[in-house]
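Subject: Structure handover

Hello,

Please find the structure below, followed by notes on what was found in it.

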Amino acid sequence: MKNITVSVIMGSDSDLEVMKGALDILNGFGVSNEVLVLSAHRTFEATREYAMSAIERGIKIIIAGAGGSAHLPGVIAAMFPLPVIGVPIKSKSLEGLDSLLSIVQMPPGIPVATVGINGAKNAGLLAIQILSTSDKELAKKLNDFRSKQKETVLKKTEKLKSLGVEKYLSILKK
Ligand code: RP5
């Protein structure tokens, strides 16, 4: 059986489009992962079973996305002692502020590392950073990723300088 390092879960399949951001990062870095829909409210028995057995299955980090009364990351953190990264999903009624506050305001003793609203890409990167502390190969890949990112931004500034604001914006809008 394949060893899974990072588990990505979400409260509903309606979160999947956002949570794909974390999966794309993990896959890009070659980190083994799984993806599940599990709800703190709608499937609480299955959620408990999943969280209580995650350590035995070798999971090192759980990324949990949820929207609205977003209890999933906190409930998972209560049962899983390794890092839990919470992704507040932008909700329809309150634009994700409800999700953010539900996830970030954990009681002292049970932390959830919370990224920004819809910040699944950063959740994936944070997981990579945590794993990099004990994995030199992954640390090198992370370094390369950051170098490429830097080059992309520096190229943009050069392009902006040479084209000027109006022309740059007109190209951006196309
Ligand atoms: C939460 O409720 C989910 O994480 C989702 O963001 C939100 C809405 O779920 P659906 O009604 O779209 O299934 O549990």
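In what order do the 5 strands of the open sheet lie, and is their pairing parallel or antiparallel? The order is 2-1-3-4-5, and the pairing is parallel. Strands pair here if DSSP finds at least two bridges between them. Strand 2 (33-37) and strand 5 (113-114) are the edge strands, each of them pairing on one side only.

Before the rest, a note on sources. This is a predicted model, in which local features need pLDDT of at least 70 and side-chain atom pairs count only at pLDDT 80 or more, while totals for chains, interfaces and linings use all residues. Residues are numbered from 1 along each chain as its sequence is written, and side-chain values use heavy atoms, with hydrogens and water left out.

Overall make-up

The protein has 7 helices and 5 strands. Both are DSSP runs numbered from the N terminus: helices are H or I with at least four residues, strands are E with at least two. Along the sequence the pattern reads β-α-β-α-β-α-β-α-β-α-α-α. The C-alpha trace spans about 60 × 45 × 30 Å along its principal axes. Of the 174 residues, 38% are buried, where buried means under 20% relative accessible area, exposed over 50%, and partly exposed in between (1.4 Å probe, protein chains only). Among contacts (heavy atoms within 4.5 Å) between residues at least 6 apart in sequence, 65% join residues at least 24 apart.

Strand 3 (residues 61-67) is joined to strand 4 (residues 84-89) by 6 bridges, and the two run parallel. Two of the facing positions are Ile63 opposite Ile85 and Gly67 opposite Ile89. Strand 1 also runs parallel to strand 3, with 5 bridges between them; Met10 has Gly65 in strand 3 as its bridge partner. Strand 3 is largely enclosed by the rest of the structure, because 6 of its 7 residues are buried.

Helix 1 (residues 16-28) lies across strand 1 (6-10), strand 2, strand 3 and strand 4. Its direction is at about 175° to strand 1; axes are lines fitted to C-alpha atoms, for helices over the stretch in contact, and angles run from 0 to 180 degrees between N-to-C directions.

Glu34

Glu34 is found in strand 2 and is buried, with a relative accessible area of 15%. Its side chain makes a polar contact with the side chain of Ser7 at 2.6 Å. A polar contact is a pair of N or O atoms within 3.5 Å; within protein, one must be able to donate a hydrogen and the other to accept it, and residues adjacent in sequence count only if both atoms are side-chain atoms. Leaving aside neighbours within four places in sequence, the residues in contact with Glu34 include Ile4, Val6, Leu23, Tyr50 and Arg57.

The ligand

Which residues are around the ligand? They are Gly11, Ser12, Ser14, Asp15, Arg42, Ala66 and Gly67, each with a heavy atom within 4 Å of it. Oxygen atoms of the ligand lie 2.6 Å from a side-chain N or O atom of Ser14, 2.8 Å from a polar side-chain atom of Arg42 and 3.0 Å from a polar backbone atom of Gly67. The protein covers 65% of the 360 Å² of accessible area that the ligand has on its own; accessible areas come from the Shrake-Rupley method with a 1.4 Å probe, and for residues only the protein chains shown count as cover.

Regards
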